[in-house]
Amino acid sequence: MSANDAPIEQAAAALRGARRIVILTGAGISAESGVPTFRAAQTGLWARYDPLELATPEAFRRDPGLVWDWYAWRRELIGAARPNAGHLTLARLERAHPDVLLVTQNVDGLHQQAGSERLIELHGNLRRNRCSREGTLLDADPGPGRPPACPGCGAPLRPDVVWFGEMLPAEALERAATAAADCDLFLSVGTSTVVEPAASLPFAALRGGATVIELNPEPTPLTARASHVLKGAAAALLPGLVEHAFGERA
Ligand code: BJW
């Protein structure tokens, strides 16, 4: 690899030589599927809605109907969304390489729809509900009510997502942190790298000696430390990156 090679070729060479790959995704990978990100200045969810009014346990206790309705709207949005070339490429990468772990902060389920199987969801999944008292998970249509009542105990149902101030699922976080510390290549795609503890994962990978590739149209707190920076949209850049790295195998 020479100094004249384009960033994508350098990143592809690192990917090709990697034994253990961890990929962290954020809202940016679903942007081209029509799912709004959180922090974009004009179009992001937090530009229009106050996270403290909607994405905290206190907000749900204060006004469960408002929170339920907001998530019902988001559910409709993601229900209509389809995986894009970025999601599909990561699923292909998993089939082309023996040791790939995908860690997502997204709650939209689009990686599963694209065919990814070795997947950790750090912030839950909006397609599921759970009982706000006992934690019982419910996949099925929860029935009427704002929010509907748990069929087991009658407590209000809530979306099975992680709100600010809540702990992430312990086993998922533990597996993701261990994999990040042990990998030799970490690919961060479409995340602003500001929400903890997920934001610490690429830095744990760097401390473990991994090569870190960041793919994002905008700079983040990771950009200055990343080994390779690919500036652009996930659906546009990921297919070329994986094609350069693995050719017809992916
Ligand atoms: C593209 C693109 C394209 C655009 N292609 N890219 C330590 C220090 C300071 C604070 C804390 C800390 N530890 C914990 C905290 C508090 C808090 C936190 O981190 N706050 C920070 C904001 C300061 N963390 C928590 O509360 C977490 N819990 C926890 O740690 O418990 C223990 C504890 C609690 C309190 C104190 C201390 C310890 C829980 C975090 C839960 C996050 N939940 C949400 C909502 C989920 C449900 C829902 O969907 O409504 O998760 S918030 C939201 O942010 C969502 C996302 O998963 C998450 C990350 O956002 P993401 O994915 O990065 O999206 P964006 O919009 O920020 O960025 C998109 C990126 O894509 C941008 O960079 C674009 O440029 C890029 N992009 N188009 C590629 N086409």
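1. Helix H6 (residues 64-80) lies across E4 and E6, at about 140° to E4. Helices (H or I, at least four residues) and strands (E, at least two) are DSSP runs, numbered from the N terminus. The angle is taken between N-to-C directions on a scale from 0 to 180 degrees, with axes fitted to C-alpha atoms, for helices over the stretch in contact; contact means heavy atoms within 4.5 Å.

2. A word on the source: this is a predicted model, where local features need pLDDT of at least 70, side-chain atom pairs count only at pLDDT 80 or more, and totals for chains, interfaces and linings use all residues. Residues are numbered from 1 along each chain as its sequence is written, and side-chain values use heavy atoms, without hydrogens and water.

3. Now the sheet. It is open and antiparallel, with three strands in the order E5-E4-E6. Strands E5 (137-138) and E6 (157-161) are the edges. Two bridges join E4 (residues 124-131) to E5, and pairing requires at least two by DSSP. Arg-130 has Leu-137 in E5 as its bridge partner.

4. On to the cavities: there are two of 30 Å³ or more. A cavity is a set of points on a 1 Å grid over the protein atoms alone where a 1.4 Å probe fits but cannot get out, and lining residues have an atom within 4 Å of a point.

5. Val-35, Pro-36, Leu-45, Arg-74, Leu-77 and Ile-78 line the second largest cavity, and H6 gives the largest share, three residues.

Conventions. On a 1 Å grid over the protein atoms alone, a cavity is a set of points where a 1.4 Å probe fits but cannot get out, and a pocket is an open set with protein on both sides within 12 Å along at least five of seven lines; lining residues have an atom within 4 Å of a point. Grid points are joined across faces, edges and corners, and a volume is the space filled by probe spheres set on the points.
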